[in-house]
Amino acid sequence: MSKRSDMTNTHNWSGQKLVSTDHLLFEAPRTKHFMTGSEVMKEAIKRCTVDASVSYPITPQSEAAHLIGELWAEGYVGVYFRGENEFGVMSEVAGCSMAGARTVTTTSGPGTLRAMENFAMWSGTRAPMQLCLMARGINSPLTIQPDNLEVQYLLETGMQIWYAENVQELFDMTIAAFTVAEKPDVHVPIVTVVDGFFVSHTREAVMLPDDDIALHPYDPYKAPLPPIDSEMPPGRFLRDPFVMKSNYISYATHASWQWEIRSAIERSRPYAEHYLKGLVHITGDEDAEVAFVACGTASNQSKEAQRELTKLGIKSKVIKLRTIRPFPEQELLEALKGVKHAFVPEFNVVGWLANEVRSKLYGKCDTEIVGGPRVGGGMSLPAEAILKEVMEKVNPGKGA
Amino acid sequence: MGLDIYKINPEFREIMPQEIIDLEEKATWSEKMQKPRGIKELPETKELLEEHSLCAGCPEAAALRYVLSALPKPEDTVIVNSTGCTSLMFPHIALHTVHSLFGNQNAVASGIKRVLDWRFPETEKDVVVLAGDGATVDIGLDYTLQSFFRQENITTICFDNEVYANTGGQESGMTAKGQVFKMAPTGKKFEKVPMWELATTSGCHYSVNMTASAPKAVAKAVREAILVAREIGPTYLNIYTPCILEIGLSANEGLGEMKDQDKDRFASYKHVSPEAEAFLKKCKEEGRL
């Protein structure tokens, strides 16, 4: 096991040279590897000088959680253990983060809902930890199908939410996520989402920097709230509930605090733009009248549909949202200029992304937002299903 | 750093309230003490609790004063709290405290303790959980017991008032069988949960059931429990602090109620593991108790 006191000004406790996020993401030479999402998660955490992680088994995130445990055994992560269930785990990582640790955990599907009460508490306490959500949908009936219904429940928890399309994006986003979440003017938790199985279990080519470099450690004394470590004034201090005071000030403080957390997410925009190279990525025909607005694997499938539409002589483009919170409203409005029909293909049954797009763009653009297709966790969102949806709209009654 | 955080910036000294200045000058911090802290200093020194917002005569407030007076090293102690009457007092405690959710206190404390040990391996940092019986035994039982199973180095203190007091007097798992409370309009149907015994079988090295009738006894148990938790493993204190409001007593009747229960539901129970016993003996010889 490592000791935190082994850290120097130039190297972390496991002997990795400390570098800037820009260097790690954009400048360090990279070599090609062939890895699953779970394996690449380990590679990302290995390069992030992580203090603490708590784990719990649930498919499909279990392997990523095991591999973080291996990093602990190898001396890269300071604190690691298995918690009793997701509610306990999310409270344990909250304790780790409040005590000044760079903290990460992972979960999936039903575990997300079991832990739910914690997420609003995380943002309320401005704890900048990272949750990697490997989405799988929610029971019942029991499911481990490709689905991302649980993301809907996280939308209004006061956390940042980023969505990675593939293994490479998961690696880069994991590193960027700590950096943005820990900015003193942001300092709210962050969820990095990938679709379970498609990303967690799929082996892909991925470009990685060497593993002898890592991020500078988290400095809790730059946080907007002092860490709970008895090392920083004020001595008299409570982390959250103003309600105990039961007077007008407590109500005003509570309200302004909640606005402040939402504002903190907004303040993450310039950082996210820099480290993610834009909150949306666009592929396809610039002057298309058909567009797909999607995130994660659904955007990958949309790109396949886009290529098929090109063969049919129909111009289209894919607008991939890389952040859901903050929502890239301006970028989306810009990308939808001239678009007549925008389709929102989703794996979940409720269409939370379509609802988001509609509510954010309401009254601001003439594009028709078509919520679908949705496969509700039933199948892998084939390009044919997307094509069918498009052709029924642009060529009604005649099919694809 | 510990004690340094209570030193007032000279530039601000003039505008500081007296109680903040007193904290620096007249509180009993372990660094300044020749002997272990205790209730004997209460009348002469600044307490770590600044007033409180509980009902007049509430035994819980008295018990909290005893607990705070006996912390072995308050300047390096973090207290984790839960929702309930106890949480009303927490804004008045001059230490780093956490209120997180209802019932997750032992999970939060586990994370804090492990990270403090990771970040400050050379400094003894104590983590103490202080919550009511609803938080400890009902909604939070899983997290309480699991922290014992995992042998977390934390002390758990349950202020057992045998009722959900802050929400208006509902039955809890710690309510005595037969007692009529809200949500048990015909009386509680099952026995009071023997939490102190569960603590023992779940791996606590020190488990006590007592009332807060004798301040010195509370202080002694707190000191011993925290030292054992620091060195050996989890410890548990179950302290009766009756809700005089819900059982129909006056403000001056709390002490009598506790004394009565010293012979009944809170008859003294004390488990000390062999390792803890040897360690406490050593502490006594070294003057740490």
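How many residues does the contact take from chain A and from chain B? It takes 39 residues from chain A and 38 residues from chain B. Keep in mind that this is a predicted model.

**Where chain A touches chain B**

- On chain A's side, the elements that put in two or more residues are β3 (52–55), α4 (86–98), α6 (116–124) and β11 (237–238).
- The top contributor to that side is α4(A), which supplies 9 residues.
- Sorted by class, the side of chain A that touches chain B comes out at 18 nonpolar, 9 polar and 12 charged residues.

**A helix crossing in chain B**

- Helix α8 (residues 215–231) and helix α10 (residues 274–285) of chain B have axes that come within 10 Å and cross at roughly 115 degrees.
- Angles of 65 to 115 degrees count as roughly perpendicular, so that's the label for α8(B) relative to α10(B).
- As for handedness, the crossing of α8(B) and α10(B) is right-handed.
- From α8(B), the residues making the contact are Glu224(B), Leu227(B), Val228(B) and Glu231(B).
- Facing them from α10(B) are Ala276(B), Phe279(B), Leu280(B) and Cys283(B).
- By class, this helix contact has 6 nonpolar and 2 charged residues, with no polar ones.

**A five-stranded sheet in chain A**

- In chain A, 5 strands make an open sheet with mixed pairing, in the order β12-β14-β13-β16-β17.
- At the edges sit β12 (280–284) and β17 (368–374) of chain A, each pairing on one side only.
- Ignoring direction, neighbouring strands of this sheet are turned by 25 degrees against each other on average.
- If you want a spot to look at, find Thr283(A), whose bridge partner in β14(A) is Val318(A).

**Strand β7 of chain A and its partner**

- Strands of a sheet pair through backbone hydrogen bonds, in either a parallel or an antiparallel way.
- Here, β7 (residues 160–163) and β8 (residues 190–195) of chain A pair in the parallel sense, over 4 bridges.
- Within that pairing, Tyr163(A) has Val193(A) as its bridge partner in β8(A).
- Side chains in a regular strand alternate between the two faces of the sheet.
- In β7(A), Gln160(A) and Trp162(A) point one way, while Ile161(A) and Tyr163(A) point the other way.
- Whichever way they point, all of these β7(A) residues are buried.

How values were computed:
Residues are numbered from 1 along each chain as its sequence is written. Chains are lettered from A and ligands numbered from 1 in the order in which they are written. This is a predicted model: local features need pLDDT of at least 70, side-chain atom pairs count only at pLDDT 80 or more; totals for chains, interfaces and linings use all residues. Two residues are in contact if their C-beta atoms, placed from the backbone, lie within 7 Å. Ala, Val, Leu, Ile, Met, Phe, Trp, Tyr, Cys and Pro count as nonpolar, Asp, Glu, Lys and Arg as charged, and the others, Gly among them, as polar. Axes are lines fitted to C-alpha atoms, for helices over the stretch in contact, and angles run from 0 to 180 degrees between N-to-C directions. Angles under 35 degrees count as roughly parallel, over 145 as roughly antiparallel, 65 to 115 as roughly perpendicular and the rest as oblique. A crossing is left-handed if the near helix is turned anticlockwise from the far one by less than a right angle, and right-handed if clockwise. Two strands pair if DSSP finds at least two bridges between them. A residue is buried if 20 or more other C-beta atoms lie within 10 Å of its own, exposed if 12 or fewer, and partly exposed in between; C-beta atoms are placed from the backbone.
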